Every structure is written in structure tokens, then in C-alpha cells.
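Here are my notes on the two-chain model you sent. Please read them with the structure open.

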Amino acid sequence: MLRDLSLRYKIPLRGAVLILITSFAVTAALIFRAYDDLKQDLIANAQGLASVMAHSLIPAMLKDDVWGSYQIVRAPFTVAPAEHPALRADAILVVNGALEVYAASHPQAFRMLSPVGAAGPDFAVLQRYLAESGAGALRVLDLPRTESLFVVTPIVSDQVPLGLLIMSYRRDGFTPRFARLVGRAGVATLVVIAALLPLSWYWGARLAEPLVKLAGCLGRIGREPPAQLDCRLLESRDEIGQLGTGFRQMLRELKAKQDLERQVIAAERLAAVGRLTASIAHEINNPLGGMLNAISTQRRYGQLDALGEKTFSLLERGLIQVRDTVSALLVETRATQRHFGPDDAEDVRTLVTPDIQRQHARLEWEAEIEPVPLPATPIRQVLINLLLNAAKAVPPEGRVGCRIRAEAGALDLCVTNDGEPIPEEHMPHLFEPFVHDRPDGNGLGLWVCYQIVSQLGGRIGATSDAGGTRFAIQIPLPA
Amino acid sequence: MNRRLLLKLAAGAWLAGPPGSVRAEDEPVPFGIAPVFLTEMTSLLQDWRTYLEPRLGSPVLFVQRDNYREVTDSLLSGRLLFAWICGYPYAVNRDRLALVAVPIYQGAPLYRSYLIVGASDRSTHSLLDLKGRIFAYTDPDSNSGFLVPRVDLVRQGIDPDHFFRRTFFSGGHRNAIEAVSVGLADGAHVDGYVWDTVERFSPQITRQTRVVSRSKSYGFPPIVAGPAASGDLRLRMREVLTGMGSDPAAAGLLDRLNLDGFVPGEPDAFEEIAVMAQTARGVPRAP
């Protein structure tokens with residue numbers, strides 16, 4: 001139960017408990033000390049009185065002077081109350097060797113010759129104790145299960161014990177003075193608690209807050225993509241700050257890892273599709289070549305009637321369409337071609353400009369390159385494909401951008417348009433064959449681009465949002 | 001008069017004035033006060049002395065003692081010239097002590113002894129009910145506080161020394177009243193005059209006690225002269241004391257003493273006490 005409680009409450013609660021324990025311990029120590037002081041005062045007071053009284057009782061007891069003994073033990077009660085009533089004896093009595101009352105300050109309570117224990121439960125305890133312990137020196141008895149402290153003084157004349165002088169002090173006589181002390185300690189404790197508890201609560205909450213937040217963020221991992229886990233953690237260099245920094249680092253790495261995994265999966269899928277397409281294309285191309293040759297031979301040398309001519313012509317056109325489609329799928333770049341240079345770029349510009357103008361869009365062209373050692377034809381094809389796509393996507397009065405740049409050992413191509421973004425669900429399949437969201441395309445344009453870029457050892461990526469769509473290509477220049 | 005006192009008095013006379021007489025005129029007259037009646041009444045004694053001295057023509061020194069015996073002994077030995085003592089020692093020593101004056105209380109030179117118990121004790125109706133209890137005597141030489149209860153018991157065939165569980169001497173009637181009032185003793189026999197006077201001046205003390213019975217009347221404790229007092233001084237003392245009842249100047253003093261005045265008194269008035277002393281003689285005195 002308590003174990004499951006949030007740190008937000010657990011830390012302040014523990015702080016509060018510590019403060020309470022400390023306060024109570026200090027208060028208890030003070031109270032104990034006060035009680036002890038009070039007892040010492042009383043003992044000092046009582047001892048003086050007891051020894052004087054025991055001394056003056058000797059002649060009275062030797063003469064068996066009950067009245068005189070009574071007068072002596074009564075004397076402290078006939079004067080005005082002392083400054084500290086707590087230090088005033090509750091009763092003073094003289095008992096004989098048999099622990100029978102000889103004289104007492106309050107004869108009604110302590111009948112002469114009756115056992116001292118008859119005066120009440122406290123005195124019964126005292127009598128049992130005295131009967132067991134026998135006479136001794138002046139003693140202060142703080143007996144358990146009694147309401148009183150007893151100061152017991154032997155009355156001895158010439159080494160002959162005459163009796164005992166017993167002074168009883170009620171513990172609750174201390175109460176007013178003790179209560180004052182306890183009250184004062186209690187008030188001080190309350191003040192301390194009142195001051196410290198909110199502080200402890202605040203500190204505890206501050207300490208717990210980042211942990212609680214972190215725990216919340218951690219709980220969201222797996223359920224939400226790392227990119228959306230926006231955890232604002234306190235910046236500091238203490239352990240919690242380190243935890244936050246570590247957490248953010250972990251999030252970044254997690255995100256990078258997920259991106260990488262996605263890319264790897266996409267690349268592998270495309271590669272597999274590419275391999276499959278290539279092998280199918282080859283399988284188709286071989287018989288296809290034979291079939292086209294056969295039709296060509298037949299048409300050139302064979303005797304064909306009108307129906308045959310029409311049939312073979314139909315077959316030939318169909319087979320040629322199959323061949324074109326297959327060859328479009330089978331993208332191959334040949335290293336022997338000439339290098340891509342500024343002229344090629346200019347050609348591409350010239351070729352696509354009419355399409356863009358047809359859309360009343362603007363072409364922002366930026367091409368500052370020297371010839372690069374990369375085959376010109378496929379790169380031209382990539383550029384044309386991307387720009388024609390852009391021309392189709394760009395809205396009227398829109399903008400199509402093309403930037404061609406060679407730097408850091410790579411050719412950078414970037415084609416942008418500010419048209420409607422590509423739907424989110426299309427993005428993972430953008431470079432697969434026969435994927436198109438427009439009815440007029442064959443769905444192979446981006447596939448071809450991807451194949452060419454891949455074959456040239458480069459990378460192609462696409463981003464699309466409300467600001468537009470952007471295709472970026474990087475192809476490393478051969479060393 | 002013993003030899004030592006003679007020497008002392010002679011020395012005192014020599015120091016005080018010209019020799020020729022045993023004591024000089026301006027030497028204080030030692031006047032003993034047994035703790036019978038007036039304990040802790042220092043200011044009263046001072047005022048009484050102030051009253052007595054000009055009328056007596058001689059300084060007076062009131063001497064208080066702890067017990068009756070000391071006063072009686074001092075009187076008999078001449079250390080005291082006069083004393084206010086109980087009727088019991090006077091009756092016993094009538095042959096050596098001269099009656100000077102007897103106080104008049106409630107119109108007669110008589111008083112009674114009261115048996116008192118604690119106010120909460122409703123079951124005691126006579127001394128016999130205090131059997132096995134704690135009893136406070138005032139003084140072994142007191143009539144009302146010692147002789148009366150003991151003779152009462154003896155006349156009923158009871159041994160007073162084994163009748164009570166415990167007895168003690170309080171040394172004065174007022175103390176005995178207090179002992180009963182605080183519960184130190186279960187009962188006591190006290191001078192009725194003292195009880196009445198305490199009741200008049202300190203009713204909070206007597207309120208804690210209950211008078212069970214009053215004895216018959218006895219001669220009031222008298223003021224007596226010892227053998228050392230000259231006849232002339234005795235007469236003067238008697239005149240001054242017996243004159244107090246009619247002297248307006250003494251009215252306040254008598255009121256505080258709770259007395260009406262003094263009369264010369266009759267030694268026969270103490271005969272009853274003498275008989276009781278005879279009765280008690282066979283009985284051990286100490287409790």
C-alpha cells in the first residue's frame with residue numbers, strides 16, 4: 001500500500017515523519033530533563049529539611065513526646081506555602097521500628113500506631129519496600145506503582161535507631177510546574193513543525209517531481225513514438241539531472257535506431273523487389289526477344305494474308321509493350337556512358353520547363369556544377385522523373401524548385417514543390433513499383449529513380465508536409 | 001530556699017542595688033505561668049505585666065515553663081515567688097504554698113473538666129467508650145487534664161494505664177484540644193475554661209471537637225505564693241489582683257483572659273482535688 005504510493009507523497013511524508021520524530025524526541029528529552037531537574041530540586045530541598053527534622057525529632061522521641069514530635073513534623077505545614085508548592089511535602093510522618101505511625105503531620109490520614117501501609121496504596125508499597133530493605137541512610141524512593149516520591153530518613157540516637165522520618169511528595173504536585181514546562185516544549189515543537197512541515201513538503205515535492213515526470217515519460221515509451229515523447233526535465237547536474245540527460249540521450253538513440261530500422265527495412269524490401277523484378281524481367285525478356293524475332297521473321301519472309309498480318313501486328317505491338325514495361329522495370333546504368341555536366345542540367349531544364357509553365361507554376365533553378373564523373377543519362381532520367389512529378393503535383397501559381405550541387409565528394413540533387421503533401425500512408429511505399437496516386441502515371445517513375453540512385457551507390461529520401469514535398473538525392477562521386 | 005538560689009539572689013541584689021535585704025525593691029518579681037491556660041499569649045502577658053508593675057510597685061517577670069512540675073518545683077524552691085498553677089499541685093502542696101487569689105470564671109472561682117472527642121466521632125458518650133483508643137493527657141500535674149479522667153476510671157475499678165491503647169502528654173490544654181481536633185488523639189480531658197476561651201477566640205479549632213461530658217466543678221487553678229515571697233508582697237499581690245475586677249483599666253485585660261476578676265479564695269475549695277489525688281496515689285502516674 002505505502003510501497004505503491006507516489007514519491008510525490010512518499011518523500012514529503014517521510015520528511016514529515018522525520019520531523020515529527022525529531023520534534024518528539026527533543027521534546028521528550030526536554031521533558032525528561034525537566035522532570036529530573038524538578039526531582040533534584042525536590043530532593044535537595046527535602047534532604048535539608050529531613051536531616052534537620054530527624055535531628056530535632058531525636059529528643060522528642062527519646063522522651064516519648066508524641067505532641068512534640070507532632071509539632072515538629074507539622075511545622076512545615078503551619079507556615080505559608082513555599083514559593084514552589086510542588087516542592088512542599090504532601091505528608092511528613094515518623095514511624096517506629098515496626099513501621100507503625102508514631103506521629104504524622106496529618107493524624108487523620110495516619111492514625112497513630114496503625115501500620116504506615118494503612119494510609120493508602122502508595123504507603124502500602126512503601127511499607128513493603130521498607131520491610132524488605134530495612135533501615136539505611138537517607139534515601140529518596142521513587143517506587144514503581146506509586147503516586148508519590150518518598151524521602152526516608154532514619155532517626156538515630158547514638159547509633160540506636162528510633163524510627164524513620166518519611167516525607168511523601170505527590171508526583172502530581174509537580175504537575176502544574178511540569179505542565180508548564182511540557183506546554184512550553186509543546187508550543188516550541190508545534191512552531192518547529194509548523195515551520196518545517198511545509199518546507200519539507202515543498203522540498204519533497206520538488207525532489208519527487210522530476211522523478212514522477214520521468215516515470216511518466218518512461219511509461220509512455222513503447223506506446224508512443226519516441227519523437228513525440230516530449231519530456232521537459234529539470235536541467236541540473238545532480239543525480240536527477242543526470243537521469244534526465246540520460247533519458248533524453250536514450251530517447252534520441254531510440255529514435256535514431258527506429259529510423260535506421262525503418263530505413264533498413266525499406267531498403268531491404270526495395271532491394272528484394274528490385275531483385276525479383278530484375279529476375280522476372282530477365283525471364284520475360286529472353287522468350288520475349290525470341291517471340292519478337294519470330295514475328296519479325298514471319299512478317300518479313302512469311303506469306304501472310306490480311307488477317308495474319310493484322311494478328312501478327314497486334315502480337316508484335318503487345319509484345320513490344322511488354323518489352324517496354326519490362327525494360328522500364330529493369331533499370332540498368334552503364335558505366336561507359338559520358339559524364340553528367342552543366343549541359344545536361346540545362347537540357348533537363350529545357351525539357352521540363354513547358355510542363356511547369358503549363359501549370360502556371362514557377363521553376364526555381366539552381367545548378368552550379370562542373371562535370372562530375374557520373375553517367376549522364378540515368379541522372380538526367382532521375383531529374384526529369386522527379387521534376388515531371390513535381391510539375392504534376394504543383395498547384396497553379398505554385399513553385400517547383402531544383403537544386404543541383406556537387407560538394408563534399410557527392411552530387412546533391414534536390415527537387416521540391418509546394419503542392420499538397422503526399423498522404424502519410426503512402427510514404428513508406430513511395431519507391432515501390434506500380435505505386436501511384438495519380439491516374440495518368442504508370443507508377444514506375446520513383447521506382448526507376450530509386451533503382452538508378454541505388455545502383456550508383458547513392459541515397460534517395462523524401463519528406464512531405466504542409467510546406468511542400470522534397471526529394472533529396474545524394475550520390476557519392478567515384479574516387 | 002536552696003543555697004544556690006540564695007547565692008544567685010544575693011549576687012543579683014548586690015548587682016541591682018545596695019545590700020541589706022534579700023532582694024531589692026526594683027528586682028523583678030518572678031511570676032510563673034504554668035502552661036495550663038495561656039500558651040502563646042505573649043502580648044497578653046506583656047500587657048498584664050504593664051498593669052501589675054505600677055500597682056505592685058515592683059517589676060514583674062512572667063516566667064513560662066514547659067510543664068507544671070517545673071513551675072511547682074521552682075515555686076517550692078524559691079526561684080519563683082508567685083505562680084499561676086493548677087489546683088492539683090496546689091492541693092498536694094497546700095502546706096507550703098499560700099493561696100493569693102483565685103480567678104472568677106462565669107461568676108464563681110470554679111471550673112469543670114470537659115471530655116472532648118473529634119467532631120466526627122458521634123459514638124462516644126462517655127470516657128468508657130474510648131477504651132483501646134488514643135488519649136491525650138495534658139500534663140501529669142494537671143487536675144482537669146490528667147487527674148480527673150484517671151480518678152474517674154479508678155473509681156470505676158479500671159486500671160487507667162491499660163485502658164487506652166496509647167496515651168501521651170500534650171503539655172497544655174490548648175495542645176490537647178488541637179491534638180483531638182487534628183485527629184492525633186481520639187479524646188482528651190481538658191480544662192473547660194480553656195476550651196470555652198479557645199472557642200471564644202479560635203472557634204475554628206474547637207469546631208473540630210465535640211464536648212462529650214462536663215465534670216462537676218473544681219476550684220479554679222489558683223495564683224499562689226511560694227515560700228520565698230514575703231508576706232507583704234503576697235498581700236500587695238492579692239490586693240492588686242482582687243482589685244482588677246472593679247478596675248476599669250483592667251477590663252480589657254480580663255476580657256482577653258476571659259475572666260471576671262479575682263477573689264482571695266478558700267483553700268478548702270481544693271479539698272475535692274486533694275481527695276482525688278489521694279485516690280490516684282496508688283496508681284502509677286506515667287502513661
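1. Chain A, overall. In chain A, 63% of the contacts with a separation of 6 or more are between residues 24 or more positions apart. A contact here means two C-beta atoms, placed from the backbone, within 7 Å. Chain A has 9 helices and 12 strands. These are DSSP runs numbered from the N terminus: H or I of at least four residues for helices, E of at least two for strands. Of its 479 residues, 25% are buried. Buried means 20 or more other C-beta atoms within 10 Å of the residue's own, exposed means 12 or fewer, and partly exposed is in between; these C-beta atoms are also placed from the backbone.

2. Ground rules. This is a predicted model, where local features need pLDDT of at least 70, side-chain atom pairs count only at pLDDT 80 or more, and totals for chains, interfaces and linings use all residues. Residues are numbered from 1 along each chain as its sequence is written, while chains are lettered from A and ligands numbered from 1 in the order in which they are written.

3. Confidence. The model scores ipTM 0.79 and pTM 0.59. Chain B has a mean pLDDT of 86, and 87% of its residues reach 70 or more. pLDDT is the predictor's confidence in each residue, from 0 to 100.

4. Helix α7 of chain A. A kink of about 35° lies at A:Val352, shortly before A:Pro354. The bend is the angle between axes fitted to the seven residues ending there and the seven starting there. A:Val352 is also buried, as are A:Asp344, A:Ala345, A:Val348 and A:Ile356. Their cover includes β6 (339-340), β7 (362-368), α8 (376-393) and β9 (399-407) of chain A.

5. Positive phi in chain A. Most residues other than glycine have a negative phi. A:His360, which follows α7(A), has a positive phi near 55°. A:Glu397 has one of about 65°. A:Glu397 sits in the loop between α8 and β9 of chain A, and is exposed, with 10 other C-beta atoms within 10 Å. A:Ala408 has a phi near 50°. Its place is the loop between β9 and β10 (410-417) of chain A. A:Ala408 counts as exposed because it has 9 C-beta neighbours inside 10 Å.

6. Strand β1 of chain B. Which of its faces are covered? Both: B:Val29, B:Phe31 and B:Ile33 are buried on one side, B:Pro30 and B:Gly32 on the other. β1(B) pairs in the parallel sense with β2 (residues 60-64) over 5 bridges, and with β3 (residues 82-84) over 3 bridges. Pairing takes at least two DSSP bridges. B:Gly32 stands opposite B:Val63 in β2(B) and has B:Ala83 as its bridge partner in β3(B).

7. The interface. In the model, 7 residues of chain A are in contact with 12 residues of chain B. The chain A side has 6 nonpolar, 1 polar and no charged residues. Ala, Val, Leu, Ile, Met, Phe, Trp, Tyr, Cys and Pro count as nonpolar, Asp, Glu, Lys and Arg as charged, and the others, Gly among them, as polar.
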